[in-house]
Amino acid sequence: MTQLAEAARRAPLNRDRVLSAAVTLADEGGIESLSMRRLAQELSVVPMALYKHVANKEELLGGMVDTIVGEIGPPVPDVPWKSAVRLRVLSARQVLLRHPWARPVIETRTNVTPAVLGYMDGFAGMFLAGGFSVDLTHHVMHAMGSRMWGFTQEVFDDSAGQAGNQQPQVPAEVRATMAQQMAENFPNLFKIAAAAAHEDESVVGNGCDDQFEFEFALDLLLEGFERLHQENWTSGGGKGK
């Protein structure tokens, strides 16, 4: 095993090997732990050797996103468009769950790479192949937003920042006080939180089932897209004739 590891370290350095090592480091220690110096140490090279394959940290992060995009399953052939879209979105979500660092990196990307464009092109193609007009597909892509990448950008959602970290334990008496204050000051939110909380969870904690909420919203969108498609909806005048 040691000989295999040493052989891998002595293998010629290339872009794929640099990106693979960077993804592994981010998986193990989070994106904050990744630096060009740390990556060079992992690959047993001097930092300057990395710059032959990635120009800077931003290009490294973009390449890492490309690497995980390659893990997303391709569109499933010969299935209805709604099933094809749903399967690919859930495949993307599984990839994001394997690489929790990727979500904040995707959210902050400003340069769109060919790999990312290719994924988006294939995503739009599933709707077009299902008979959607170009007009409706345009608006569908906007509506899907980050969901096509397997996550949602919810208000005050700190799950990306806490990925891989355990929630801090709050004493029962503190939770009770917080719940009482919430009930008094924010009664509507308290009703929703109380209804959603499980027996072993607090109404003031993160008691939502993220996977359920993600699939609920995804299915809601797909059903809405299907209705608009059946009605020949257009952005110029609502329902087509």
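The model is predicted: local features need pLDDT of at least 70, side-chain atom pairs count only at pLDDT 80 or more, and totals for chains, interfaces and linings use all residues. Residues are numbered from 1 along each chain as its sequence is written, and side-chain values use heavy atoms, leaving out hydrogens and water.

Q: What is the volume of the second largest pocket?
A: A pocket is an open set of points on a 1 Å grid over the protein atoms alone, where a 1.4 Å probe fits, with protein on both sides within 12 Å along at least five of seven lines. Points are joined across faces, edges and corners, and the volume is the space filled by probe spheres set on them. For the second largest pocket that volume is about 350 Å³.

Q: Which helices each supply at least two residues of the lining of the second largest pocket?
A: Lining residues have an atom within 4 Å of a point. The second largest pocket has 18 of them, with Ile 106, Arg 109, Val 116, Met 120 and Trp 149 nearest its centre. The helices that each give at least two are α5 (57-69), α7 (102-107) and α8 (114-129).

Q: How many charged residues does the lining of the second largest pocket have?
A: Asp, Glu, Lys and Arg count as charged; Ala, Val, Leu, Ile, Met, Phe, Trp, Tyr, Cys and Pro as nonpolar; the others, Gly among them, as polar. The lining holds nine nonpolar and seven polar residues, and its charged residues number two.

Q: Are α6 and α8 roughly parallel or roughly antiparallel?
A: Axes are lines fitted to C-alpha atoms, for helices over the stretch in contact, with angles from 0 to 180 degrees between N-to-C directions. Those of α6 (residues 81-98) and α8 come within 8 Å and cross at roughly 155°. Under 35 degrees is roughly parallel, over 145 roughly antiparallel, 65 to 115 roughly perpendicular and the rest oblique. That makes the pair roughly antiparallel.

Q: Which residues in α8 meet α6?
A: Contact means heavy atoms within 4.5 Å. From α6 come Trp 81, Ala 84, Val 85, Arg 88, Val 89 and Ala 92. By class, this contact of α6 with α8 has nine nonpolar, one polar and one charged residues. The α8 side is Tyr 119, Gly 122, Phe 123, Met 126 and Phe 127.

Q: At what angle do α10 and α11 pack?
A: Helix α11 spans residues 187-196, and its axis lies 5 Å from that of α10. The two helices are oblique to each other. Their angle is about 130°.

Q: Is Arg 147 buried or exposed?
A: Arg 147 sits in the loop between α9 (134-144) and α10 (172-185). Not counting residues up to four places away in sequence, its contacts are Val 89, Thr 152, Phe 214, Ala 217, Leu 218 and Leu 221. Buried means under 20% relative accessible area, exposed over 50%, partly exposed in between (1.4 Å probe, protein chains only). The value for Arg 147 is 13%, so the residue is buried.

Q: How far apart in space are His 229 and Ser 133, C-alpha to C-alpha?
A: His 229 is in helix α12. At 21% relative accessibility, His 229 is partly exposed. His 229 and Ser 133 are 96 residues apart in sequence, while their C-alpha distance is 7.9 Å.

Q: What is the phi of Asn 232?
A: Asn 232 lies in the loop between α12 (210-230) and β1 (233-234). Its relative accessible area of 45% makes Asn 232 partly exposed. Asn 232 is not a glycine, yet its phi is positive, at about 55°.

Key:
Helix = DSSP H or I, 4+ residues; strand = E, 2+ residues; numbered from the N terminus.
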